[in-house]
Amino acid sequence: LASALGDLEDVQLQAHHIVITVTQKYPTYLVTALDNFIPALETMFMDKTFKRKTNNKTGTELERAKEWIKSGLRALLAMSKLEGPMANRRFSTLVERVKGDAKFRPMLDAIDGL
């Protein structure tokens, strides 16, 4: 699952859904494996990754990129709501950085509105 989070976008979308499901059904397994997920999540939410995925894109390509990012945000937020992950300094720093980043704010607001 950790390697799937760093794979191609289509694979990552599926991995995000699996992560969300695991947070609901088997949270302890996810918490114990959290360190394996952090590098892929950090890469996903880096400025250069965001720019590469969204710059020079229009129409359906841009919408697809935004949905990929929102999917990752959903997985990140689902993990952050569990008991334990926010005690991991690297993970909590990532969550706070993403939540405080203006470029993610509209997507986070859209997720919260669901």
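Aspartate 109 and arginine 105 sit four residues apart in helix 7, so about one helical turn separates them. Helices here are DSSP runs (H or I, at least four residues), numbered from the N terminus. The two residues form a salt bridge, with their closest N and O atoms 3.2 Å apart. A salt bridge means a side-chain nitrogen of Lys or Arg within 4 Å of a carboxyl oxygen of Asp or Glu.

This is a predicted model, where local features need pLDDT of at least 70, side-chain atom pairs count only at pLDDT 80 or more, and totals for chains, interfaces and linings use all residues. Residues are numbered from 1 along each chain as its sequence is written, and side-chain values use heavy atoms, leaving out hydrogens and water.

The structure holds seven salt bridges. Aspartate 47 pairs with lysine 103, the closest N and O atoms being 2.2 Å apart. Aspartate 47 lies in helix 4 and lysine 103 in the loop between helix 6 and helix 7, so this pair ties together parts 56 residues apart in sequence. Lysine 103 also forms a salt bridge with aspartate 101, at 2.7 Å between the closest N and O atoms.

Aspartate 101 is buried, at 17% relative accessible area. Buried means under 20%, exposed over 50%, and partly exposed in between (1.4 Å probe, protein chains only). Lysine 103 is partly exposed at 23%.

Now turn to helix 3, residues 34-44, where the buried residues include Leu34, Phe37 and Met44. The buried residues of this helix pack against helix 1, helix 2, helix 4, helix 5 and helix 6.

Key:
Helices (H or I, at least four residues) and strands (E, at least two) are DSSP runs, numbered from the N terminus. Contact means heavy atoms within 4.5 Å.
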